[in-house]
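Student: I am new to this structure and would like a close look at a single part. Could you walk me through the aromatic cluster and what surrounds it?

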Amino acid sequence: MEKTIVRTRFAPSPTGFMHVGNLRTALYAYLVAKSQGGKFILRIEDTDQERLVPGAVDVIYHTLQQVGLQHDEGPDLGGEYGPYIQSERKDIYLPYAEKLVEEGKAYYCFCTKERLESLHQENTFGGYDRHCRNLPKEEVQRLLDMGTPRVIRQKMPLEGSTTFVDSVFGEITIENKMLEDQVLIKSDGYPTYNFANVIDDHLMHITHVVRGCEYLTSTPKYNLLYEAFGWEIPVYVHLPLIMGRNADGTTSKLSKRHGSTGFADLIKEGYLPETIVNYIALLGWAPKDNCEIYSLQELCSAFSLDGISKSPAVFDYEKLTWMNGEYIHKMPKEEFIREAAPYFKEVFGENLPDTEILADILQPRVLKFIEVPQMLQFFKELPDYPTDFFINKKSKATLENAPVMLQKSIDLLSSLEDWSVPSLHDKLLQLAKDLEVKNGTLLWPVRIAAAGQTVTPGGAMEILSVLGKKESLRRLTLGLEKLKA
């Protein structure tokens, strides 16, 4: 027997930015397919014309490209089951809905918008009251002949229950009386989201449907459509909710009040695309080896459906920041310099100092690249600082010995020709030895005078090297004058 090729799809609606929940759905659909040697399909669901946002399709393409989720079929690539944009498939859906009407599994509904709104206000039957479900054939034909606006609704069973099995949540049963006679074709001729989903998934041979758990209660509607057509039902993979942590320690569904929730916003905040992918992969999925840092290729190898949890996952921005730092710290130095270059220019303009030294200073410390300008700001302008900064108990630096250390350092460095880090290191440590003081006793006041702050990326030698000889001596002299004032 020929093995079925796993086919998943990501079917976003172009209605705005890419939320992390949408991106996780895309990622899991990709991983379900690729972990089993299958295909990942991109389909644009633009049937809700009123909610379309100009440029949103480009956002979808750009985001998937940035994170490396390359689809095998889609609007831009084509494929044997296209077109892959629902609005271009509009003529496909109506005949399927009309077939259900002919077979008594769906019906025309002529209720006006006003009537439906009044039902909604009264909350009658929890939704539509099935007013048109049993209209006489003659009346239906008369209204059709008059061109009366209508929709096509599915006839839901009025008794019993519908049960299905989800790969994550197991067996789920929904009482049929809870299911509204859903609209399949809207009055504008476009299919509803649910109906188009089923038709397209069947025609595109989708084997696994990956989506958020908010669709769990809607799944019987999908299955009743599959059964009405006599089609095979796909494997369902419903993903747990993504929660955010509130100020009081409780959690609620992730929203903007918790922080950035859009992929583009997280990128602007300095998170790397590969970090975001790695992190959201762990929002609801636990790898068997308890590893936390994965490349996309490694995720494809490690991923399995049985690792997905039912429990909601909490989006932890601190954990995301830690992970981002891990990616930055492990970058090749050349890549770090390339990524940090725009931020270096914010501080130094086009007159960049030795970027190798900047990388040595910053790479072990940076968690997000947007931190770089702030970390380097003291290089551009010496901040005002109090003389108390020269005191450090651990280094045995005091207001009494700091002027001596600075004067001796200025005397030594004024005649130094090789202003490299190794040269500065050797000369200053030799000076401390000659003065019979701890290295820190000498280097602490030098660093304070050079940087004007107690916490710096890099030590005294690296800071002096970046500043250059002229600026370093100017700052050390200013520090000496401050202490003597």
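Tutor: Let us begin with a term: rings of Phe, Tyr and Trp (its six-membered ring) pair if their centres lie within 6.5 Å, and planes under 30 degrees apart count as stacked, over 60 as edge-to-face and the rest as tilted. With that in hand, ring pairs link Tyr-28, Trp-285, Tyr-294 and Phe-303 into a cluster.

A word on the ground rules. This is a predicted model, in which local features need pLDDT of at least 70 and side-chain atom pairs count only at pLDDT 80 or more, while totals for chains, interfaces and linings use all residues. Residues are numbered from 1 along each chain as its sequence is written, and side-chain values use heavy atoms, with hydrogens and water left out.

The whole structure holds 18 aromatic pairs. Phe-164 belongs to strand 5 (residues 161-166) and Tyr-236 to strand 9 (residues 235-239), so the pair links distant parts of the chain, 72 residues apart. Helices and strands here are DSSP runs numbered from the N terminus (helices H or I, at least four residues; strands E, at least two). Both Phe-164 and Tyr-236 are buried, where buried means under 20% relative accessible area, exposed over 50% and partly exposed in between, with a 1.4 Å probe and protein chains only.

Now back to the cluster. Trp-285 and Phe-303 have ring centres 5.3 Å apart and planes at 35°, so this pair is tilted. Trp-285 sits in the loop between helix 9 (273-281) and helix 10 (296-302), and Phe-303 in the loop between helix 10 and strand 12, so the pair ties together parts that are 18 residues apart in sequence. Trp-285 and Phe-303 are both buried.

Two packed helices are described by the angle between their axes and the distance between the axes. Helix 1 (residues 20-34) packs against helix 9 at an angle of about 80°, and their axes are 10 Å apart. Axes are lines fitted to C-alpha atoms, for helices over the stretch in contact, and angles run from 0 to 180 degrees between N-to-C directions. Helix 1 is therefore roughly perpendicular to helix 9; angles of 65 to 115 degrees count that way, while under 35 is roughly parallel, over 145 roughly antiparallel and the rest oblique.

Which residues meet there? From helix 1 come Val-20, Leu-23, Arg-24, Leu-27 and Tyr-28, and from helix 9 Ile-276, Val-277, Ile-280 and Ala-281, contact being heavy atoms within 4.5 Å. By class, this contact of helix 1 with helix 9 has eight nonpolar, no polar and one charged residues. Here Ala, Val, Leu, Ile, Met, Phe, Trp, Tyr, Cys and Pro count as nonpolar, Asp, Glu, Lys and Arg as charged, and the others, Gly among them, as polar.

Finally, follow the chain to strand 12. An open sheet of three strands has the order 11-10-12 and mixed pairing, two strands being paired if DSSP finds at least two bridges between them. Strand 11 (251-253) and strand 12 (313-315) are at the edges, each with a single partner strand, so one side of each has no neighbour in the sheet. Strand 10 (residues 242-245) pairs with strand 12 in the parallel sense over three bridges, and Ile-242 stands opposite Ala-313 in strand 12.
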